[in-house]
Amino acid sequence: EMATAGSDAGAEWNHRPAPPRDNCLVVWKEIDLARLSERERRDTQNEILILSVLQHHNIIAYYNHFLDCSKLLIEVEYCNGGNLYDKILQQGGKLFPEETVLWYLYQIVSAVAHIHSYGILHRSVTGPHTLPRPCLSSLSPVA
């Protein structure tokens with residue numbers, strides 16, 4: 001079963017159970033190619049190329065992509081913790097503890113530094129595009 005997890009610039013984000021051997025969830029970015037301009041198609045191809053190259057523990061893992069009729073599906077790691085923007089809203093105006101701020105900042109800077117090491121600039125490091133991992137103090141040994 002597939003459920004919509006959100007949308008992004010004309011693309012739908014859907015999640016589904018991965019094959020039983022993986023025992024995890026993945027997310028599909030579903031893009032209707034028929035609605036894209038030539039430039040947007042090139043940008044989408046570039047996105048796939050970049051995602052396939054970047055392998056870092058603070059960057060969403062790319063798994064696969066495939067075509068289904070006129071739709072392109074990009075399969076990436078599912079992060080169930082939500083994005084930084086949602087976490088800020090959940091705080092209800094209260095500040096995060098300093099340890100949490102430092103942990104989120106470390107993750108962002110680490111990921112951006114890795115991206116820059118490939119000569120790639122990320123133009124949208126914003127709350128909705130940032131998916132922080134749990135704080136170290138709350139990680140379990142199997143996480």
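Buried means under 20% relative accessible area, and partly exposed lies between that value and 50%. The model shown in these views is predicted.

**View 1. The edge-to-face ring pair of Phe-96 and Tyr-104.** Tyr-104 has a relative accessibility of 10% and therefore counts as buried. Phe-96, at 22%, is partly exposed. The ring centres of Phe-96 and Tyr-104 lie 5.7 Å apart, and because their planes meet at 80 degrees, the pair is edge-to-face.

**View 2. The aromatic pair of Trp-28 and Phe-66.** The structure holds 3 aromatic pairs. In the one formed by Trp-28 and Phe-66, the centres are 5.7 Å apart and the planes stand at 85 degrees, so this pair is edge-to-face. Trp-28 belongs to strand E3 (residues 25–32) and Phe-66 to strand E4 (residues 62–68); the pair thus links distant parts of the chain, 38 residues apart. Trp-28 is buried, with a relative accessibility of 11%, whereas Phe-66 is partly exposed at 29%.

**View 3. The largest nonpolar core.** This core has 9 residues, among them Val-27, Ile-31, Ile-48, Leu-51 and Tyr-62. At least two of its residues come from each of E3, helix H1 (38–53) and strand E5 (71–77). The most is given by E5, which contributes 3 residues.

Methods:
Residues numbered from 1 in each chain as written. Predicted model: local features only at pLDDT ≥ 70, side-chain atom pairs only at ≥ 80, totals over all residues. Heavy atoms only, no water. Phe/Tyr/Trp six-rings, centres within 6.5 Å; stacked < 30°, edge-to-face > 60°. Helix = DSSP H or I, 4+ residues; strand = E, 2+ residues; numbered from the N terminus. Buried < 20%, exposed > 50% of the residue type's maximum accessible area, 1.4 Å probe, protein only. Core = buried A, V, L, I, M, F, W, Y, C linked by side-chain atoms within 4.5 Å.
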